[in-house]
Amino acid sequence: MAGTTTTKSRVLVSFGESMIRYAPADPKREEGERHKPTLFLRSVGGDELNVCVALCQLGRQARWCSVLPEGPMGQVVLSSAKDSGVDTSMVLLKPHSDVGTFTVLPEQRTVHYQRHRSAFALHDPSRFEWKSTLIGQEWLHMTGITPLIADAPRASWDNALKEARAKGVPCSMDLNHRAQLGTLSELMDCVTPHLKDLEVFVVALDSLHQLAKLNGIEDKGDASHESAVRLMQRVAKHMEIRRLACCFKSRVPDLAGAQLRWSVLCNQDGSVVTTRSTHICHRPADQLGGGSAWMAGFIDACLENGLESLATSDGCTTALRRGDMLAALCQESAGDHSTVTRQELSTMEEKFAKIKADFLTRP
């Protein structure tokens with residue numbers, strides 16, 4: 001069940017599709033055995049719902065808006081959301097339709113999606129009343145996955161963002177470009193009209209380079225962290241992005257399975273905040289779910305300290321580090337959904353604060 005928090009509960013709304021995920025229980029099967037019956041682990045995933053679940057586990061209120069099919073498979077997803085404490089009052093049920101699925105393919109190092117004929121892809125946008133849904137809400141989180149799924153999701157996504165702008169509801173967006181759904185150019189045609197309204201726009205490192213190329217921005221293309229940060233500055237300025245964020249990960253050669261995690265936020269004025277010098281070292285049990293958990297941690301800090309906290313370096317650092325920590329803790333267990341409680345997150349933050357204080361007081 002959801003954790004508890006001493007901060008005032010403030011409601012986040014998110015809109016997007018959730019699917020059923022299938023991952024092989026033994027991803028290292030021999031070549032000649034792949035035709036034999038295989039055990040798969042079934043779980044529920046979808047970035048927008050993942051963010052809602054992670055926040056609810058921290059004791060916050062989150063409302064997920066979506067469409068699911070009537071019947072047992074839709075109930076699998078719906079029950080997963082409800083059991084995590086997510087408000088599903090705006091999840092519509094569509095008869096005679098299917099739930100989207102994605103299958104992890106370890107050999108190809110990718111996933112295979114089946115979602116073009118899902119209930120979400122074929123829903124009626126007029127059934128979502130965004131004017132009433134967003135009244136009194138404190139945050140709207142979206143991703144770039146939704147508008148490329150089909151025309152109906154794109155219309156609902158666009159309507160929600162327009163209504164949030166009209167009501168002054170803060171918005172965040174994780175670009176989360178899925179090449180299987182469409183090109184980055186097609187995605188940015190949808191996203192660009194809303195960029196100036198976003199409090200934070202999150203991109204993956206590969207998407208950052210693609211955005212630079214798409215906009216004719218100089219990109220030296222080298223793999224150094226410093227070069228990536230400079231590119232973030234150029235992209236944020238050229239595209240007039242208020243706050244551009246990117247998460248970074250690096251393998252630790254001497255620690256099997258371990259990785260370093262940190263994040264960077266670049267303001268439109270070129271100023272940069274980073275947690276690189278205080279990175280997190282962890283061993284992920286699952287490579288999925290980290291991005292959603294990072295976003296939830298960042299939003300949680302903004303709700304706790306106020307949006308105005310992002311105007312200061314300390315406030316931005318707090319939000320970035322909480323995202324880093326929640327992502328690392330989330331990936332200690334399998335599945336997309338975070339099970340990290342407020343107490344677990346606070347314990348990690350307290351340990352970090354103590355280590356930092358001890359370091360600063362060294363003679």
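Which residues of H1 are buried? I looked these up first: Asp47, Glu48, Leu49, Asn50, Val51, Cys52, Val53, Ala54, Leu55, Cys56 and Gln57. I take buried as under 20% relative accessible area, with exposed over 50% and partly exposed in between (1.4 Å probe, protein chains only). That makes 11 of 11 residues in H1 (residues 47–57), a mostly covered helix. Helices here are DSSP runs of H or I, at least four residues, and strands are runs of E, at least two, numbered from the N terminus. After H1 comes Gly59, with a positive phi near 95 degrees.

Notes on the source: this is a predicted model, where local features need pLDDT of at least 70, side-chain atom pairs count only at pLDDT 80 or more, and totals for chains, interfaces and linings use all residues. Numbering runs from 1 along each chain as its sequence is written, and side-chain values use heavy atoms, without hydrogens or water.

Next I went to H5. Its buried residues are Leu184, Leu187, Met188, Cys190 and Val191. They sit on the same side of H5, because they cover an arc of only 155 degrees around the axis (taken from the directions from helix axis to C-beta atoms). I find them packed against H4 (151–167), E9 (171–174), E10 (198–202), H6 and H7 (225–239); contact means heavy atoms within 4.5 Å.

Last, H5 (residues 184–191) against H6 (residues 205–214): I noted an angle of about 80 degrees and axes 11 Å apart. The two are therefore roughly perpendicular (65 to 115 degrees). Leu184, Ser185 and Met188 of H5 meet Ser207, Gln210, Leu211 and Leu214 of H6.

Technical notes: Axes fitted to C-alpha atoms, helices over the stretch in contact; angles between N-to-C directions. Parallel < 35°, antiparallel > 145°, perpendicular 65-115°, else oblique.
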